[in-house]
Amino acid sequence: MAEIVSFRKDAAGAEEGGLLTRSLRDGVLRLVLNNPPANVLSIALLEALLQELETAGAEPDVRVVVIASTGNVFSAGHDLKELTAHRADEDQGAGFFEKTFRLAADLMLKITHLPKPVIAEIDGLATAAGCQLVASCDLAICTDSSTFCTPGVNIGLFCSTPMVAVSRAAHRKQAMEMLLTGETIDASTAKDFGLVNRIVPKQYLAQVVSKYAAVIASKSPLTLKIGKEAFNRQLELPLEAAYDYTARVMVENMLTEDAQEGIGAFLGKRKPEWNGE
């Protein structure tokens, strides 16, 4: 059993307990959404996730982050009841809406810029900002019964911020199909669209995710940091500029102690010992 090293609670101290559990074992930090029944991304949960990821980015013992959930819904996205309650505010809720969507954007950017790989472990429905969360992670592994959608168009609120992550993970026309129809897609379709990497039976989900995380955690943390940053940056560049940039990254990477150690270990047929430099 992984050691539970922290247990976040929502502002009201809900009877259901903490909104987010945190466990760390063998370099893998596991963050579990615990906001039943739909694991909605309330302000409190968004803040808890941001806090944990901020800490994880600077924690040497963390090599990989896994984001999972309790129950049958990975995440139903923003808390519509929480949002609607603020329509009675003097500004009709504009300030609270801005805070919510800004926090969500900050969370997705934090995942992208985190110097550690992030894996989404999905069992159940991932909708709207929940689907955005999946699309923002570096890898996504789901059960064969998981489903995905961006249904904002159905309630008069286009999924514009989820669109940013979804359109960068899925193919363009498939992303538009999800956004324009609001219809739910199954796990197989999500894999075809590019939203998830693997589909596994429910009973093997944690095992498969743990295997992926363990393999990645065994690599040089410095190399993972260099690679993730370079991957995301080169995507934004024209082809020739991307090659120029990544060539410079390769040179800098070759000059690190971990690259010297890794190549030496490979040539010497031994296991490398990383020092993160």
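**Burial and cores**

Biologist: What share of the 277 residues is buried?

Modeller: Buried residues, meaning those under 20% relative accessible area with a 1.4 Å probe and protein chains only as cover, make up 44% of the 277 residues in the chain. This is a predicted model, in which local features need pLDDT of at least 70 and side-chain atom pairs count only at pLDDT 80 or more, while totals for chains, interfaces and linings use all residues. Residues are numbered from 1 along each chain as its sequence is written, and side-chain values use heavy atoms, with hydrogens and water left out.

Biologist: And which residues have the most contacts inside the largest nonpolar core?

Modeller: That core, a set of buried Ala, Val, Leu, Ile, Met, Phe, Trp, Tyr and Cys residues joined through side-chain atoms within 4.5 Å, has 52 residues, and V65, I67, L107, I122, F148 and L195 have the most contacts inside it. Its largest share, eight residues, is supplied by helix α1, residues 43–58, where a helix is a DSSP run of H or I with at least four residues, numbered from the N terminus.

Biologist: What does L107 touch, then?

Modeller: Setting aside neighbours within four places in sequence, L107 is in contact (heavy atoms within 4.5 Å) with L46, L49, L50, L53 and L133. There is also a second, separate core of 12 residues, among them I141, V200, A217 and L224.

Key: Buried < 20%, exposed > 50% of the residue type's maximum accessible area, 1.4 Å probe, protein only. Helix = DSSP H or I, 4+ residues; strand = E, 2+ residues; numbered from the N terminus.
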